[in-house]
Amino acid sequence: NPQPSTPTPTAIPNLQKQPIIQLQQSATKSTKRHRIQVQVVSLNDLKIAEGSEVAVGQIISDRTDERQSLEAERDQINNSIKQLSIPASQLAELPPPNFAVEEAAIAQLKNELYLLESRPSQVQGETFFRFKDENLNKLLEAEKLEKVAVRVQESANNQVKLAESKAKLAGQLNSAVAALNKAKSNYQYQQYEHSLNLVRQQSEFQRQQYQVASLVGKKQEIEGKLREITQIKSPVAGKVRRIKNLGQKDRQINLEVVIDVKQS
């Protein structure tokens with residue numbers, strides 16, 4: 001007996017595949033990702049890790065160590081600027097010369113010397129009476145000679161004393177003139193020292209001004225670097241999917257942070 005033929009199952013495969021396609025479409029979900037590029041000096045500046053959850057406004061990176069170092073350097077520069085800006089005490093003016101004491105001593109000695117030189121240098125001779133009688137004149141000759149001798153001796157003594165007084169006054173006058181010249185020389189030296197001190201003070205002031213200008217420029221440079229150091233905060237909420245190293249330039253490490261955004 002012939003067996004009945006089995007019908008060909010042409011529509012069954014299509015019926016089996018249809019549910020699978022529908023399941024794949026229902027399991028597929030679209031994920032929104034947000035990418036943030038940050039620059040750090042050290043990986044410690046990165047405040048998140050792969051797989052961590054982040055909220056809106058949460059800090060992603062902050063170069064804390066570099067900021068603190070720059071701020072400390074800026075504060076030190078500010079202190080240096082304050083110290084250099086303290087005005088230095090002004091150099092007192094040199095008083096006018098005064099040689100009144102020395103000049104008065106010279107004038108007094110000159111006057112004493114003039115008075116001394118005006119005194120007579122010899123004792124005036126005595127006029128003796130002469131008798132007409134030669135015998136009487138001979139009797140009195142010895143007495144006259146004795147008186148003349150006394151007068152000559154007194155004159156000689158007076159001349160010696162006068163010469164000694166003149167020499168003494170002349171020496172004192174020379175000393176007084178030397179004292180005046182020394183006083184003038186000392187004042188000239190004081191003027192020279194004063195001019196040198198003025199030059200030194202001006203040079204020191206210019207040096208301080210140069211240092212202040214240099215420090216101000218360095219401070220501005222630091223403040224510019226501080227402005228570049230900003231906290232990077234997450235603008236979205238989600239989960240950190242990946243942190244990718246984009247390379248390093250100088251001391252800066254470039255990173256890309258990929259966040260899977262939470263769907264509301």
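The model is predicted: local features need pLDDT of at least 70, side-chain atom pairs count only at pLDDT 80 or more, and totals for chains, interfaces and linings use all residues. Residues are numbered from 1 along each chain as its sequence is written, and side-chain values use heavy atoms, without hydrogens or water. Helices (H or I, at least four residues) and strands (E, at least two) are DSSP runs, numbered from the N terminus.

**Sheet**

- An open sheet is built from 4 strands in the order β1-β6-β5-β2, with antiparallel pairing. Its edge strands, β1 (33-40) and β2 (53-54), each pair on one side only. Two strands pair if DSSP finds at least two bridges between them.
- β1 and β6 (residues 252-261) run antiparallel and are joined by 8 bridges. Across them, isoleucine 36 faces valine 257, and valine 40 faces isoleucine 253.
- β5 (residues 238-249) pairs with β6 over 10 bridges, again antiparallel. Here glutamine 248 stands opposite isoleucine 253.
- The hairpin of β5 and β6 has 2 residues between the strands, and aspartate 250 takes a positive phi near 55 degrees.
- In β6, 8 of 10 residues are buried (under 20% relative accessible area; exposed is over 50%, partly exposed in between; 1.4 Å probe, protein chains only).

**Largest pocket**

- The volume is about 250 Å³. It is the space filled by probe spheres set on grid points, which are joined across faces, edges and corners.
- On a 1 Å grid over the protein atoms alone, a pocket is an open set of points where a 1.4 Å probe fits, with protein on both sides within 12 Å along at least five of seven lines; lining residues have an atom within 4 Å of a point.
- The lining has 14 residues, with Pro87, Ala88, Gln90, Phe205 and Gln208 nearest the centre. Two or more residues each come from α2 (64-85) and α4 (134-228). α4 gives the largest share, 7 residues.

**Aromatic pairs**

- There are 2 aromatic pairs, counted when ring centres of Phe, Tyr or Trp (its six-membered ring) lie within 6.5 Å; planes under 30 degrees apart are stacked, over 60 edge-to-face, the rest tilted.
- Phenylalanine 99 and tyrosine 187 pair edge-to-face, at 6.4 Å centre to centre and 90 degrees between the planes. Phenylalanine 99 lies in the loop between α2 and α3 (100-118) and tyrosine 187 in α4, so the pair ties together parts 88 residues apart in sequence. Both residues are buried.
- Tyrosine 189 and tyrosine 192 form a tilted pair, at 6.4 Å and 40 degrees. They both lie in helix α4, 3 residues apart, about one turn of the helix.
- Tyrosine 192 is partly exposed, at 47% relative accessible area.
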